[in-house]
Amino acid sequence: MMAIETSGRIEKVNGNELRYEEFVERYMEKNQPVVLTGLMDDWKACSDWVDENGQPNLRFFSTHFGKSKVADCNTRDFTDQMRVEMSVSEFIDQWCKEAVQEERGVTSNNGDIDKSVLYLKDWHFVKEYPNYAAYSTPHFVRDDWLNLYLDSYRMHRDPDSYQEKDEISCSDYRFVYMGAKGSWTPLHADVFRSYSWSANVCGKKQWFLLPPSQSHLVFDRNMKACIYNIFDNNISENLFPGFKKATWLECIQEQNEIIFVPSGWYHQVHNLEDTVSINHNWFNSYNLCWVLDLMARDYNEAKEYIEDIRDICDDFEGLCQRNLAANTGMNFYDFFIFLARFTLANLVVLDNLARDTENVAGSLSPMVQQLAHNLASIKNIVLKMKSLECFSGDQGFMLDLGETHKDPKLSKLCYSLVQACGSIHKQQISSLCMKTIATHDSRSLTIIQNFCDGVSSPQDLVKFIDTVSTELAKSEAPE
């Protein structure tokens, strides 16, 4: 097994002694990993899914969730792992069978990670069992725009290219993982360059993380292919000349610990014991720039790949956007629509909170300040999109903000957003305010709708944010 250079450990912090503002300042803003403890004590999963010996309660999974279709990932398939669909019951039957064979000496697991070991990944448990409250998302990571959005909308807007089983264009990014000792995940950075958090319900994981400033060291000379397994003895120094210069952070994640993995950190993970974990991918105002940067790189690659057919293609830019969506999970139009809908949701919630007579802090409320920060972050990202080719000239793109504002899906997004903000800042929101947001019954409706024209460019959305923010401020000012 190839030796790698490690330097330092990831900080472990008692989550009950950490304020949300500290988490933002020390970890989200600085894009630094951390392990949080003490936040899983009341989780139903920690009792139901773990047997009296501290092992995965396989019988419980088979009995209660056995018919669910999941994917076992244990064999290399180019740069990823092959996915074999089976039911949870079939997966557990196979797991138990292999465990018995190993005990009898029929097979032996000497820790070699090239050995095929069962690993259930990316099980959309929350979507499939919404009434089974397996866990409560820690308030540190509830500012989750990705999953709040996907609870109401699809990320990719082209129904012709959407496939129900497409892993990238999936219904949410909340997952359960189950793996036997020796199962592992190859080196990768997370989808959309999102943040992620992973909670060990039982078992133990070993993480190897590489700071974004060193990510180029795990790519080949052409910055195309990434190393699959950092412990592979056959890594070519000629193909990957910088690999030996990489300095990794190592972390042992114990049971009932949650690791926060920031944007752009490449990581490889090994299950040192039979393990069950809960994992979310997410992004918010603090890492939108990472999402846009990834899309820009993927777009340029997709465009370069088909540049030779530009002159004979009727809609070259449209083809680039379709390829971007296929490779990345969304294109620039999808991301723009996402930002526009979140703009509307933030404006609606911001106005209602500012007007809430039971919100004694008013504009000084941490929730109001967060929503204002959200809008400022969206505006900054949208300004960076001004030069994109897809928004130049007449590309036939238009988003009707008026219709978007009337859509019941936006009301659901607004309601989820204010709930998340209240939970994050541990602030009570009046029932009248919640009802007003849920029903769109507010004075802000008239103001916002007066300016809800169609937007076809980043400049249009920036103008909308500035205009409505100014009008709302005027309406809230004392006479």
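**Figure 1. Contacts of Lys 205 in the predicted model.** In this predicted model, and leaving aside residues up to four places away in sequence, Lys 205 touches Tyr 119, Ser 198, Asn 200, Cys 251, Ile 252, Gln 253, Val 269, His 270, Asn 271, Leu 272, Thr 275 and Ser 277. Lys 205 itself has its place in strand β10. With one of the residues that it touches, Asn 271, the side chain of Lys 205 also makes a polar contact of 2.9 Å.

Figure 2. Although Lys 205 is buried, it has no salt bridge. The nearest side chain of opposite charge belongs to Asp 122 and is 10 Å away, whereas a salt bridge requires a side-chain nitrogen of Lys or Arg within 4 Å of a carboxyl oxygen of Asp or Glu. The side chain of Lys 205 is instead joined to that of Asn 271 by the polar contact of 2.9 Å.

**Figure 3. Strand β10 and the burial of its two faces.** Strand β10 spans residues 205-210, and because 6 of its 6 residues are buried, the strand is largely enclosed by the rest of the structure. Both faces are covered: Lys 205, Trp 207 and Leu 209 lie on one side, Gln 206, Phe 208 and Leu 210 lie on the other, and all of them are buried.

**Figure 4. Pairing of β10 with strands β11 and β13.** Strand β10 is joined by 5 bridges to strand β11 (residues 247-253), the two running antiparallel, and within this pairing Gln 206 has Ile 252 of β11 as its bridge partner. Strand β10 also pairs with strand β13 (residues 266-271), again in the antiparallel sense, over 6 bridges; here the bridge partner of Phe 208 is Gln 268 of β13.

**Figure 5. Ser 89 in helix α4.** Ser 89 has its place in helix α4, which covers residues 88-103. When residues up to four places away in sequence are not counted, Ser 89 touches Ser 62 and Gly 66. The C-alpha atoms of Ser 89 and Lys 69 are separated by 9.2 Å, the two residues being 20 residues apart along the chain.

**Figure 6. The protein as the setting of the close-up views.** The secondary structure comprises 15 helices and 16 strands, and of the 479 residues in the protein, 55% are buried. Among the contacts with a separation of 6 or more, 79% are accounted for by residues 24 or more positions apart. The protein exposes about 22200 Å², of which carbon and sulfur atoms supply 47%.

Terms used
Residues numbered from 1 in each chain as written. Predicted model: local features only at pLDDT ≥ 70, side-chain atom pairs only at ≥ 80, totals over all residues. Heavy atoms only, no water. Buried < 20%, exposed > 50% of the residue type's maximum accessible area, 1.4 Å probe, protein only. Helix = DSSP H or I, 4+ residues; strand = E, 2+ residues; numbered from the N terminus. Pairing = 2+ DSSP bridges. Lys, Arg positive; Asp, Glu negative; His and termini not counted. Polar contact = N/O pair within 3.5 Å; in protein donor to acceptor, adjacent residues only side chain to side chain. Contact = heavy atoms within 4.5 Å. Areas by Shrake-Rupley, 256 points an atom, 1.4 Å probe, with all protein chains shown as cover.
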